Amino acid sequence: DEALPGLPEAERRPVALRRANLTLALAMITDQQNMASLNQPEQALALLAQAEQQLGALDRQQPDRASADLLGTLHGSRAISHARLGQLEAARSDVQQALRFRARSVEQEPANVVARDGLVTEATNAGVILLRLGDARAALDATRVAWRHVQVLASENGAGNKWLEAQPRVAQHHGRALLANGLAAEAASVLPQAVALWQARLAE
């Protein structure tokens with residue numbers, strides 16, 4: 001509130017959310033795995049700490065889906081930066097928080113596509129990090145969530161939707177988690193989607 005002098009009360013939260021979102025976006029530009037970035041994970045962690053302070057205060061005041069989505073993105077992004085630095089236990093803590101906030105977001109608005117899509121992203125990334133940690137059971141718990149939601153989204157949203165394209169990536173990591181848990185038969189029904197993706201990329 002002190003950082004937003006003169007604004008009416010009704011306008012303070014939207015402005016504060018936008019400010020926190022900008023801090024988060026700057027952190028992701030500074031270090032991110034799946035998009036062009038400055039490749040500076042240490043600087044990204046500092047920016048994410050600032051964004052967490054801003055968002056944490058907003059979420060305590062009003063724990064709605066908007067703050068849950070942003071906090072899910074924040075913890076998911078920080079998990080990736082920690083993992084890139086080899087700080088896997090710190091990454092574990094963040095993926096657990098990312099999943100908690102994303103699940104809350106879906107609980108608050110079960111039909112919201114943005115909330116469900118965010119859960120797919122964070123659950124898939126959690127599976128990757130937890131497999132690196134050797135926690136096969138927790139990795140499978142995460143990838144099962146991602147696989148279930150991405151399939152439903154793909155089936156609900158018509159031809160050419162983004163989740164049809166996302167399914168092979170989720171299948172790759174879900175299949176790996178299944179294999180790590182000794183579930184080879186189930187993995188054999190999932191992994192062909194991932195293989196088809198990489199065969200198509202190789203052909204290109």
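Arg-102 is buried (under 20% relative accessible area, with a 1.4 Å probe and protein chains only), its own relative accessible area being 6%. This is a predicted model, in which local features need pLDDT of at least 70 and side-chain atom pairs count only at pLDDT 80 or more, while totals for chains, interfaces and linings use all residues. Residues are numbered from 1 along each chain as its sequence is written, and side-chain values use heavy atoms, with hydrogens and water left out.

Arg-102 lies in helix 4, helices being DSSP runs (H or I, at least four residues) numbered from the N terminus. The side chain of Arg-102 makes a polar contact with that of Thr-73 at 2.6 Å; such a contact is a pair of N or O atoms within 3.5 Å, of which, within protein, one must be able to donate a hydrogen and the other to accept it, and residues adjacent in sequence count only if both atoms are side-chain atoms.

| Residue | In contact with |
|---|---|
| Arg-102 | Asp-69, Gly-72, Thr-73, Gly-118, Leu-119, Glu-122 |
| Ile-129 | Ala-79, Ile-80, Ala-83, Ala-91, Arg-92, Val-95 |

The largest nonpolar core has 27 residues, of which Ile-129, Trp-147, Val-150 and Val-170 touch the most other members; a nonpolar core is a set of buried Ala, Val, Leu, Ile, Met, Phe, Trp, Tyr and Cys residues joined through side-chain atoms within 4.5 Å. Helix 6 gives this core its largest share, 8 residues. Apart from this core lies another, of 14 residues, including Leu-17 and Leu-48.

Terms used. Buried means under 20% relative accessible area, exposed over 50%, partly exposed in between (1.4 Å probe, protein chains only). Helices (H or I, at least four residues) and strands (E, at least two) are DSSP runs, numbered from the N terminus. Contact means heavy atoms within 4.5 Å. Lists of a residue's contacts leave out its neighbours within four places in sequence.
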